[in-house]
Amino acid sequence: MEKAVTISATIAMAILILLGCKQQVITINGLDYQQQDTILTQLTKTNKSFSLFGILSDIHGNINNTAYFVQYFVDKGVDGFLLSGDIVDHFRNDVPDEKELTDVLTVVSEPGLPVFIIPGNHETKDVYNNVLGKLKRKNIIDMTKIRRADLEQVVIISLPGYNVPGFVADGGFLFGDEEWQMLRNLADVRKKKILLSHQLPKSTRRNGIDIAFGGKHAGDGILKRIMEEEKIDIAVGSHIHESGGQAETRNDIFVPQNTYSETLYLNPGSVTSWRFINQTKYKGLAAVLSVNETHAAYKVVAIV
Ligand SMILES: [Zn+2]
Ligand SMILES: [Zn+2]
């Protein structure tokens, strides 16, 4: 009987290889995950009722602020980190992108927790792929290749890069309309879904999460519609640093911190210093996201 089981397992593996399915089990922070093509599935159950994530968006190479927030998140007992793009600063400083990406990812991956990352409009494909290839940290989950992480309570779906051509670095991650269908396909799962994205869903709220300097809503209307139709209830992304540190519902109603909401579109703000829409300066922002199978809440963390 044992032999029969072994033989059928061998045959199953052979069929998977013939079908071209890449399947492997990786262990991160004591938990097993199975990777099959573009989907990562958590195998080990912890029976926790919620997950905590440290959100680091728009780091732009600011290593000191990153180190501060990483320590803060570890002290809070987060289950993992979400990095929603613009890890480097391609346009505004002379530091090589390769050094910025290496330094930041070294610090964020050091505690050994899962680090889910996507590029924004500042990353180039060459630098991003080179650095990830060299670092070889198994707890860094490249969400340009893994497009969906099916975790215990929630599913993380990625939308890497940015879709406004003039803002994307040459050789960067410019995505086109074909990504919308991909997003719909990835969302075909009945679980609470978090979108890890650099682009924001368009808001209609006066002080919305997507208001850029000048007063325009810079978020994407198609993304907003797909999130509603596919029941992607949580969005994490910044890009518009100046409207960060806040969240709203799918219907554009402001959600205060530490308040559980069924839908939560969060703009955590930038890890690096910036100005709010009213021109007051901030030194650096990040957020803690708490999610269970039905609701999510956030807390903004600021460097003072
Ligand atoms: Zn940015
Ligand atoms: Zn950006």
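In which sense do strand 5 and strand 6 pair, and over how many bridges? In this predicted model, strand 5 and strand 6 (residues 115–118) are joined by four bridges and run in the parallel sense. This report begins with strand 5 and then turns to its surroundings.

## Strand 5 and its burial

Strand 5 covers residues 80–84, and five of its five residues are buried, so the strand is largely enclosed by the rest of the structure. Both faces of the strand are covered. Gly-80, Leu-82 and Ser-84 are buried on one side, while Phe-81 and Leu-83 are buried on the other. This division may be read alongside a general rule: in a regular strand the side chains alternate between the two faces of the sheet.

## The neighbours of strand 5

Strand 4 (residues 51–56) also pairs with strand 5; the two run parallel and are joined by four bridges. Phe-81 illustrates both pairings. Gly-54 stands opposite Phe-81, and in strand 6 the bridge partner of Phe-81 is Val-115. In general, strands of a sheet pair through backbone hydrogen bonds, either parallel or antiparallel.

Strand 4, helix 2 (residues 63–76) and strand 5 make a right-handed β-α-β unit. A right-handed β-α-β unit is likewise made by strand 5, helix 3 (residues 97–109) and strand 6.

Strand 4 and strand 17 run antiparallel and are joined by five bridges; in strand 17, Ser-290 is the bridge partner of Leu-52.

Beyond residues up to four places away in sequence, Ile-141 touches several residues, including Val-115, Phe-116 and Ile-117. Other contacts of Ile-141 include Leu-40, Ile-146 and Ala-149. The C-alpha atoms of Ile-141 and Leu-82 are separated by 9.7 Å, although these residues are 59 residues apart along the chain.

Ten strands form another open sheet, in the order 1-2-3-8-9-10-11-14-12-13, and its pairing is mixed. Its edge strands are strand 1 (23–28) and strand 13 (254–255), each pairing on one side only. Within this sheet, strand 10 (residues 192–197) and strand 11 (residues 234–236) run parallel and are joined by three bridges. Leu-195 has Ala-235 as its bridge partner in strand 11.

In soluble globular proteins, nonpolar side chains tend to be buried together. The largest nonpolar core of this model has 69 residues, of which Phe-81, Phe-116, Leu-195, Leu-196, Val-236 and Leu-289 touch the most other members. Strand 17 (residues 285–291) supplies the largest share of this core, six residues.

Technical notes:
Residues are numbered from 1 along each chain as its sequence is written. Chains are lettered from A and ligands numbered from 1 in the order in which they are written. This is a predicted model: local features need pLDDT of at least 70, side-chain atom pairs count only at pLDDT 80 or more; totals for chains, interfaces and linings use all residues. A residue is buried if 20 or more other C-beta atoms lie within 10 Å of its own, exposed if 12 or fewer, and partly exposed in between; C-beta atoms are placed from the backbone. Two strands pair if DSSP finds at least two bridges between them. A crossover is right-handed if, with the strands pointing away from the viewer, the path from the first strand over the helix to the second runs clockwise. A nonpolar core is a set of buried Ala, Val, Leu, Ile, Met, Phe, Trp, Tyr and Cys residues joined through C-beta atoms within 7 Å. Two residues are in contact if their C-beta atoms, placed from the backbone, lie within 7 Å.
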